Amino acid sequence: MKSKSVILTGFFLLYISFVVRAQTNDLFIGKLTAINPASYTDVVFMGAKDTVLVSTFSGRIAMRVNGLGSEKVIAVLNDEIYSLAYNPVRKEIAAGTLESGIIVIDQKTGKRLKALRLKTTWSVSLLYADDFAYLFTQDQKGNRYIWDVHRNYRELPVSSKMPPGRMVKLDKDGLLTIVSTRKIIIWDIRNDSTVKETDVVLSRFGDMDQEGNFLSVDFNTCTKYNSITGKNEFTLMHPDWLRDLKDYPDYEDMVRSAPEDFTKDGLLIMKDYNLQLTMVRFARDKIFTASIDRSIRVWDKKSGTLMRSLTGHMATVNKIKVNAAETQLVSIDLKGGIKFWNV
Amino acid sequence: MKSKLFYAVSIMNVVMFSFYFLSFREKQDNDLVDKILKVRGLVVVDSLGIERVIIGSPLPTAQSSFGNRIYPREKGAAVSGVMLYDAEGQERGGYVTDDDYGNVFLTLDSKTSQSFLAIAEPNGSTALQLWDRKGINKISLETTDGQADIVLKRNNKTVKLYQDEK
């Protein structure tokens with residue numbers, strides 16, 4: 001009799017749990033966010049090549065490997081993630097979020113190690129120094145932050161003498177590259193002094209190579225500045241919009257009636273549609289430009305000649321990154337697409 | 001005593017299980033045609049889960065063309081209404097009223113900037129404006145009490161329009 005009661009009570013509790021579970025569902029959400037959960041927001045190389053970390057607006061940090069279709073989720077933050085940086089020495093991931101500042105995560109366990117607060121807003125570009133001794137960024141109001149990685153991410157005071165601008169690189173000698181619309185400055189953070197100052201006219205800083213040449217982006221154009229001549233060398237613009245219309249019902253008829261309007265790969269060439277550039281990068285002897293036209297164009301770094309068009313993304317290519325050896329490029333898009341390209 | 005407890009638990013179980021089943025039946029048979037839905041927000045998503053239409057009060061703040069937010073969630077100008085998003089989740093236009101001044105707007109945006117605005121102000125003034133990305137080419141129709149204007153700007157220069165021609 002006692003055992004029957006126990007069994008019955010067990011069934012009763014099980015039944016209650018089913019009822020409670022049936023009543024809870026994901027029909028309702030806590031707040032309206034207007035985020036795109038499919039989009040990747042940032043990408044950063046983990047290893048020498050083929051392995052990267054990606055982040056999403058929905059707060060996911062995952063590992064993607066070239067050739068593998070699926071993600072390996074490392075951590076899920078209850079916040080929108082805008083930027084990533086990876087420290088291969090300590091196996092730590094730094095994630096810039098909308099409301100939680102910078103979150104430092106153990107790459108192996110996915111556990112939060114540290115939360116670094118920002119004075120205001122959020123960061124959309126987060127970087128480690130070349131020797132991974134410092135983590136640095138700026139928020140949307142221009143407040144700048146440098147954290148000492150080896151001292152448990154202790155925040156370093158930013159000198160009031162430091163020239164205004166965005167910090168884009170910190171080398172192993174403590175030389176910080178700061179860019180503004182008028183100047184590019186090399187600043188010694190150890191001596192609080194300017195090492196080099198170059199007058200420029202920048203719209204939006206794109207990238208800088210080892211020789212000090214840099215790329216400036218103005219909506220749909222990218223201008224290369226030559227550090228030796230001190231002048232702008234050439235300006236690049238995607239010459240057309242290459243559209244994949246193969247799923248359109250009258251695609252075959254379109255190709256047949258105007259074959260000159262299509263590439264060898266069957267993409268429609270929409271001439272004079274010069275859409276906005278999202279990101280530009282130097283890599284070896286080439287320049288890569290990504291656009292909301294869903295393509296990446298490869299240009300000769302010396303002449304500015306268009307060499308190739310990389311297509312296949314199904315949405316705006318929002319980020320491109322180059323590995324340390326400059327042998328591989330990775331690109332992500334606003335529909336969660338990712339592609340690896342050999343330089 | 002134990003036997004009574006056993007029967008009591010069994011009967012309670014049967015009764016509650018019946019309610020559980022009936023609750024499902026009610027949901028399936030429920031015809032919502034004559035019902036009125038009262039909510040703070042409604043989100044329509046596509047097959048990828050990307051939010052394409054939001055009806056809300058207030059609506060979430062806008063994002064940049066790169067996806068990140070431009071204003072903190074709570075600090076944007078509060079507007080309520082309908083907002084449309086493209087297949088990449090980017091805000092492309094809306095039909096809204098604001099909480100402060102009392103305007104009603106209809107806006108259309110390209111992937112990089114706003115390019116169309118129809119607005120009615122609380123005092124009766126109205127305007128319809130179209131402009132290019134840089135704002136150097138613009139057409140504007142405006143009315144206020146006792147005044148009606150057509151302004152045409154081409155390459156940042158106002159085109160002179162003749163008035164009261166006879």
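Guide: A residue is called buried here when its relative accessible area is under 20%, and exposed when that area is over 50%. The model is a predicted one, and the position to begin with is A:Ser39, which counts as buried because its relative accessible area is 0%. A:Ser39 lies in the loop of chain A that runs between helix 1 (2-23) and strand 1 (40-45). Once residues up to four places away in sequence are set aside, A:Ser39 touches A:Ser55, A:Thr56 and A:Phe57, together with A:Asn318 and the run A:Asp333, A:Leu334, A:Lys335 and A:Gly336.

The side chain of A:Gln328 reaches the backbone nitrogen of A:Asp50 at 2.7 Å. Not counting residues up to four places away in sequence, A:Gln328 touches a set of residues that includes A:Phe45, A:Lys49, A:Asp50 and A:Asn66, as well as A:Lys321, A:Val322 and A:Asn323, and also A:Phe340, A:Trp341, A:Asn342 and A:Val343.

From here the view can pass to the nonpolar packing. The largest nonpolar core has 15 residues, and those with the most contacts inside it are A:Leu53, A:Ile61, A:Leu77, A:Leu84, A:Ile93 and A:Ile105. At least two residues of this core are supplied by each of strand 3 (60-65), strand 4 (72-76), strand 5 (81-87), strand 6 (92-97) and strand 7 (102-106) of chain A. Strand 5 of chain A gives the largest share, three residues. A:Ile61 shows how these pieces meet: leaving aside its neighbours within four places in sequence, A:Ile61 is in contact with A:Leu53, A:Val54, A:Leu77, A:Ile81, A:Leu84, A:Ile93, A:Ala95 and A:Ile105, among others, and also with A:Lys72, A:Val73, A:Ile74 and A:Ala75.

Further along chain A, A:Met162 is found in the loop between strand 12 (154-156) and strand 13 (166-170). A:Met162 is buried, with a relative accessible area of 6%, and its contacts beyond four places in sequence are with A:Arg144, A:Ile146, A:Met167, A:Leu176, A:Ile178 and A:Trp187. Between A:Met162 and A:Glu211 there are 49 residues of separation in sequence and 23 Å in space, taken from C-alpha to C-alpha.

Another element of chain A is an open sheet of four strands, whose order is 17-18-19-20 and whose pairing is antiparallel. Strand 17 (204-208) and strand 20 (231-236) stand at the edges, each with a single partner strand, so one side of each is left without a neighbour in the sheet. Neighbouring strands of this sheet are turned by 25° against each other on average, with direction ignored. Strand 19 (residues 221-226) is joined to strand 20 by five bridges, the two strands running antiparallel, and A:Asn226 has A:Lys231 of strand 20 as its bridge partner.

For context, chain B has one helix and 10 strands, and of its 166 residues 28% count as buried.

Technical notes:
Residues numbered from 1 in each chain as written. Chains lettered and ligands numbered in written order. Predicted model: local features only at pLDDT ≥ 70, side-chain atom pairs only at ≥ 80, totals over all residues. Heavy atoms only, no water. Buried < 20%, exposed > 50% of the residue type's maximum accessible area, 1.4 Å probe, protein only. Contact = heavy atoms within 4.5 Å. Pairing = 2+ DSSP bridges. Axes fitted to C-alpha atoms, helices over the stretch in contact; angles between N-to-C directions. Core = buried A, V, L, I, M, F, W, Y, C linked by side-chain atoms within 4.5 Å. Polar contact = N/O pair within 3.5 Å; in protein donor to acceptor, adjacent residues only side chain to side chain.
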